[in-house]
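Hello,

Here is the structure I said I would pass on. My notes follow it; please read them with the model open beside you.

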Amino acid sequence: MSRRATRHPTIFTLQRCLRTAALPALAAAVVAFTLAMWTEPMVASAAAATGARAPWLSLPIFVCAFSCVVTTVLFWPLLAARRPGADWLRRLQRGPLHGCGAALSGALLASLLVCAPLCTVYAAALGAPSIARTHTLVPAPAEPLLSARRPQLHFALAAPLLGNELRLRPLASLPEGPLRASRVRVMADGAPLATTTAEFDQTGQIVRIPFVSRTISALELVLEDGTVPLFFPTGSVELIGASEQSGLANGLFLALLAQIPLFVALAFACLAGAVAALPTVLAVAVGVLFVMTVGGEGPLTAALQGRLQGHWLLTTSVFRQCVPSLLLGSTAMIGAMMLRRRSRR
Amino acid sequence: MIAGSWSVMLAAGCLAGAISLVQPRLDDARELASWAARPAVLPFAWAAQRAAMHSGNSDEVFARAQQLLDLLPTWTDGHAVFAGQFALDGGDLAQTGPERSAAAHRRLQIALAWLENARRQAGRREIELLEQMAFLPDIAVAREPGLAALLPAGGTAAMADHYLAIAEQLGAGPVVRENRTFLAVQYCRGLLDAGDRRGALAVLGAAIVRSADVRDRELATEWSAHLTLVQEHLLGEPTDLSAVFADLRFEPLFPYLR
């Protein structure tokens with residue numbers, strides 16, 4: 001690497017963040033793992049409850065992101081107003097963000113390097129499966145109510161999918177007469193998917209229908225008997241893909257997704273830093289980070305759960321969940337550019 | 001500066017004195033940690049619990065409930081409802097016959113073991129928790145009849161007797177056996193709040209049977225009749241509930257009867 005490249009703000013921030021974030025994240029992982037083992041839940045199948053270990057995976061990721069945010073804001077003088085050395089740097093860094101974007105990318109790179117082993121090795125130690133499968137949410141028809149008056153529902157898939165399991169989790173309405181569980185037969189491309197019917201009489205019940213791998217392009221639910229009307233919105237019918245994906249690749253993709261809260265937090269720091277002093281900028285950045293990690297806003301919480309449950313994350317639905325956060329972060333960066341340009345005049 | 005150091009030394013002395021007087025145990029430290037963590041963690045724990053109910057399986061829901069109740073160790077109603085929900089879960093509908101009964105048996109054992117564990121922190125509500133534990137086998141068998149064959153000798157009656165005997169030893173007296181049926185309303189409310197109508201119906205069924213334990217026959221008949229009316233209403237049958245609305249012991253269930 002050339003001398004000029006090693007003196008780039010990205011590399012400086014990367015080195016600084018790695019130095020400050022790696023050990024706390026490792027310590028948090030050790031503590032979280034110990035707590036996860038100590039508070040092992042009493043359940044029938046520990047493998048079925050791995051999704052409940054998501055808080056223990058999110059803790060070291062939060063610690064890493066928190067360390068990176070604080071380090072970057074303290075390290076790069078132009079991320080807050082009226083910092084010592086800011087005027088010198090402003091003359092040297094002539095870009096629209098005065099090197100704040102480069103500092104941000106350094107922090108993101110450092111966090112990615114720390115999160116990669118956390119999301120692969122540490123997640124596997126917490127029980128994340130070594131393989132992942134695609135979970136496709138089948139889009140609901142226009143009127144997704146299955147009742148005696150409308151005993152058939154037709155679900156069309158956007159494209160034919162090779163699957164080997166179907167999961168149904170409808171919402172149940174009040175019975176239309178004396179309570180009798182509704183029995184539903186599932187048909188795939190005109191043929192019955194299973195020999196037995198699925199029974200529902202209240203919300204929250206989940207029915208798994210395993211079948212021999214086959215390509216499915218349309219599903220039909222037929223009400224055979226019962227008085228409980230069932231509502232099947234998008235998300236209540238899930239088709240599990242038959243092909244196995246790598247758990248390692250899934251972990252690496254999770255590490256990428258884990259950078260979104262950090263990106264948004266630092267983007268807001270960049271925006272606030274155009275006018276506010278250090279304490280305000282730190283409060284804004286940490287607040288945004290807290291809301292997007294521990295608070296569960298944004299795509300990370302669902303992605304952590306998906307990783308631990310063996311859901312393949314590289315899908316359009318996960319990408320769709322990321323779009324609002326990415327847009328929010330990008331808008332904050334654009335706002336920061338405009339504010340800084342105005343203050344320069 | 002000197003005043004500041006004296007204040008720190010005085011505070012440290014007071015703290016040391018307090019610790020030596022109270023003699024804290026590990027459980028106290030745990031309670032203190034959970035008290036400190038509660039405000040920051042509890043809202044997210046509830047959100048995670050709700051998310052698990054929408055997208056997870058029964059094991060995950062129960063695991064999340066345990067994380068939540070680790071923060072609220074003295075909330076016995078919550079323990080009873082979540083344990084009941086887990087024990088009464090319909091299980092894997094692909095399973096049939098003995099396999100299904102064995103799974104129900106395992107869930108019942110786990111739920112009872114967890115409630116047993118919760119007794120240590122239940123404090124003055126331990127007796128109530130024991131009464132609810134005595135209720136659970138009855139309800140589980142009503143839900144999964146194949147389970148009866150897997151229970152120890154004496155079946156649900158022996159299991160209930162075991163817990164009620166402990167409650168009696170703890171000072172509840174013989175009235176604890178009669179009380180069991182009256183607990184059903186609160187238990188039923190908890191299950192309905194959690195969206196478990198089938199569980200609530202199973203509780204009502206067991207409470208109707210248990211009303212035979214009440215020695216005052218007039219009270220027992222009236223109570224059983226009211227429970228039957230609620231059961232019929234939840235089953236979707238047309239019912240006149242005026243007698244139930246006049247009975248304030250059923251107040252917790254009123255939102256689900258209107």
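**Confidence and overall build**

The mean pLDDT of chain A is 89, and 97% of its residues score at least 70. Keep in mind throughout that this is a predicted model. Taken element by element, chain A has its lowest mean pLDDT, 64, in helix α1 (residues 3–6), and its highest, 95, in helix α6 (residues 247–257).

Chain A contains 10 helices and 12 strands. Along the principal axes, its C-alpha atoms fill a box of roughly 75 × 45 × 40 Å. The chain has 345 residues, of which 46% count as buried. If you take the contacts in chain A between residues at least 6 apart in sequence, 82% of them join residues at least 24 apart.

**Two helices in chain A**

The pair to look at here is helix α3 (residues 54–75) and helix α5 (residues 100–125) of chain A, whose axes come within 10 Å and cross at roughly 165°. Angles over 145 degrees count as roughly antiparallel, and α3(A) and α5(A) are therefore roughly antiparallel to each other. The crossing of α3(A) past α5(A) is right-handed.

Which residues of the two helices meet? From α3(A) they are A:Leu57, A:Pro60, A:Ile61, A:Cys64, A:Ala65, A:Cys68 and A:Thr72. On the α5(A) side, the residues include A:Ala103, A:Leu104, A:Ala107, A:Ser111, A:Val114, A:Leu118 and A:Tyr122. Sorted by class, this contact has 15 nonpolar and 2 polar residues, and no charged ones.

**A loop residue in chain A**

A:Pro170 sits in the loop between β4 (152–168) and β5 (171–172) of chain A. Is A:Pro170 buried or exposed? The cut-off for buried is 20 or more other C-beta atoms within 10 Å; A:Pro170 has 28 C-beta neighbours inside 10 Å, so it counts as buried. Apart from neighbours within four places in sequence, A:Pro170 is in contact with A:Phe200, A:Leu230, A:Phe231, A:Phe232 and A:Ser236. As for A:Tyr122, which is 48 residues away along the chain, its C-alpha atom is separated from that of A:Pro170 by 34 Å.

**Two helices in chain B**

In chain B, the axes of helix α4 (residues 76–87) and helix α6 (residues 126–143) come within 10 Å and cross at roughly 15°. Angles under 35 degrees count as roughly parallel, which makes α4(B) roughly parallel to α6(B). Here α4(B) passes α6(B) in a right-handed crossing.

B:Thr76, B:His79, B:Ala80, B:Gly84 and B:Ala87 make the contact from α4(B), and B:Glu128, B:Leu129, B:Gln132, B:Leu136 and B:Ala140 make it from α6(B). Of the residues in this contact, 5 are nonpolar, 4 polar and 1 charged.

**Where the chains touch**

How many residues of chain B are in contact with chain A? There are 31, and they are in contact with 29 residues of chain A. On the chain B side, the elements that give two or more residues are α2 (26–55), α3 (58–71), α5 (97–122) and α10 (197–210). The largest share, 8 residues, comes from α3(B). By class, this side of chain B divides into 13 nonpolar, 7 polar and 11 charged residues.

Regards

How values were computed: Residues numbered from 1 in each chain as written. Chains lettered and ligands numbered in written order. Predicted model: local features only at pLDDT ≥ 70, side-chain atom pairs only at ≥ 80, totals over all residues. Contact = placed C-beta atoms within 7 Å. Helix = DSSP H or I, 4+ residues; strand = E, 2+ residues; numbered from the N terminus. Nonpolar A, V, L, I, M, F, W, Y, C, P; charged D, E, K, R; others polar. Axes fitted to C-alpha atoms, helices over the stretch in contact; angles between N-to-C directions. Parallel < 35°, antiparallel > 145°, perpendicular 65-115°, else oblique. Left-handed = near helix turned anticlockwise from the far one by under 90°. Buried ≥ 20, exposed ≤ 12 C-beta atoms within 10 Å, placed from the backbone. pLDDT = per-residue confidence, 0-100.
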